[in-house]
Amino acid sequence: MTAPITVPADVVVVDLEGTTSAAGFILGDLYDYARPRLEAVLGRENDVVRAARAQAIVDAELDASATDAQIADALRGLMDADVKSTSLKTIQGIIWAEGFAASAITSHFFDDVPPKLRQWHEQGTRIAVYSSGSVASQQPWFRHAPQGDLSGLVEAWFDTVNAGPKKEPASYRRIAEALGADAARIVLPTDHPDEVAAALSAGWQAVALDREGEPWAGAEFPAPAVSRFDQIEVTA
């Protein structure tokens with residue numbers, strides 16, 4: 001087991017997949033729930049869906065005349081390849097939010113995460129979320145945690161639409177500005193080496209989550225690593 005780490009910070013910005021939650025749950029159960037529902041959502045007439053549909057055509061390199069069925073098939077291909085497509089994440093977010101609301105699906109958090117999030121909140125540490133999954137999917141994910149509603153612990157939500165790609169330092173600078181926080185007083189726990197590097201380049205602190213069984217376990221991280229959330233101590 002890795003040693004605990006103490007970080008002086010005012011804000012913790014948490015990643016989800018592989019960090020707070022098992023990647024296999026997201027790439028397995030939730031992806032399986034979304035796959036058969038893509039076409040139906042693509043056919044809806046509202047501004048959010050229309051914009052995501054148009055972007056999906058670009059992302060999947062389809063002809064402008066592509067049908068909903070063709071776009072859905074292309075999006076399933078992006079899912080199979082785990083491509084971080086913003087249009088796909090938007091459509092998935094709609095499907096998952098409705099699934100959570102209907103109690104058809106639940107989210108997943110490692111057991112060591114909720115107690116630490118609650119501790120940080122109680123001690124006055126600000127908490128935000130930054131995930132490649134859309135904000136529309138992040139909020140019900142926290143609201144429907146098996147360990148109870150965690151959404152009230154989070155003050156801000158960021159995704160690739162309102163912040164930018166997760167491997168680019170500029171995205172982290174945007175988040176710091178939106179939070180009105182000193183970059184040097186923000187810490188990012190994440191399991192992805194490239195995200196650690198991007199956050200550090202933006203002047204943030206970072207803690208790598210090296211969880212056994214997760215996709216990036218055992219990777220070379222450019223920051224200190226822990227194997228559990230309860231090994232991270234945040235001080236004022």
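This is a short exchange about how the terms used for this predicted model apply to its residues.

Author: The model is predicted, so local features need pLDDT of at least 70 and side-chain atom pairs count only at pLDDT 80 or more, while totals for chains, interfaces and linings use all residues. Residues are numbered from 1 along each chain as its sequence is written, and side-chain values use heavy atoms, with hydrogens and water left out.

Reader: Why is Phe158 called buried?

Author: Buried means under 20% relative accessible area, exposed over 50%, and partly exposed in between (1.4 Å probe, protein chains only). Phe158 has a relative accessible area of 7%, so Phe158 is buried.

Reader: Why does Ala69 count as partly exposed?

Author: Ala69 has 30% relative accessibility, and therefore counts as partly exposed. Ala69 lies in helix H4 (residues 68–80). Helices are DSSP runs of H or I with at least four residues, strands are runs of E with at least two, and both are numbered from the N terminus.

Reader: What does Phe158 touch, not counting residues up to four places away in sequence?

Author: Contact means heavy atoms within 4.5 Å. By that rule Phe158 touches Ala128, Val129, Tyr130, Ser131, Val135, Gln138, Ala163, Ile175, Ala178 and Leu179. Take Gln138: its C-alpha atom and that of Phe158 are separated by 8.9 Å, and the two are 20 residues apart along the chain. Phe158 has its place in strand S4.

Reader: What makes S3 and S4 a pair?

Author: Two strands pair if DSSP finds at least two bridges between them. Three bridges join S3 to S4, and the strands run parallel.

Reader: Which strands make up the open sheet, and in what order?

Author: The order is S4-S3-S2-S5-S6-S7, six strands with parallel pairing. Strand S4 (156–158) and strand S7 (225–226) each have a single partner strand, so they stand at the edges, and one side of each is left without a neighbour in the sheet.

Reader: How many bridges join S2 to its partners S3 and S5?

Author: Four bridges join S2 to S3. There, Val12 has Ile127 as its bridge partner. Two bridges join strand S2 (residues 11–14) to strand S5 (residues 186–190). Val11 stands opposite Ile186 in S5. Both pairs run parallel.

Reader: What makes strand S3 mostly covered?

Author: Four of the five residues of strand S3 (residues 126–130) are buried. S8 pairs with strand S1 (residues 5–8) in the parallel sense, over four bridges.

Reader: What makes a set of residues a nonpolar core?

Author: A nonpolar core is a set of buried Ala, Val, Leu, Ile, Met, Phe, Trp, Tyr and Cys residues joined through side-chain atoms within 4.5 Å. The largest one has 55 residues. Those that touch the most other members are Leu75, Ile95, Trp96, Leu117, Trp120, Trp141 and Phe142. Apart from that core lies another, of 18 residues, among them Tyr172, Ala199, Ala202 and Trp204.

Reader: How do you know what is a cavity and what is a pocket?

Author: Both are sets of points on a 1 Å grid over the protein atoms alone. In a cavity a 1.4 Å probe fits but cannot get out; a pocket is an open set with protein on both sides within 12 Å along at least five of seven lines. Lining residues have an atom within 4 Å of a point. Grid points are joined across faces, edges and corners, and a volume is the space filled by probe spheres set on the points.

Reader: How many cavities of 30 Å³ or more does the count give?

Author: The count comes to one. The largest cavity has a volume of about 140 Å³. H7 gives the largest share of its lining, three residues.

Reader: How many residues line the largest pocket?

Author: The largest pocket has 17 lining residues. Nearest its centre lie Lys84, Ser132, Lys166, His192 and Glu195. About 330 Å³ of space lies in this pocket.
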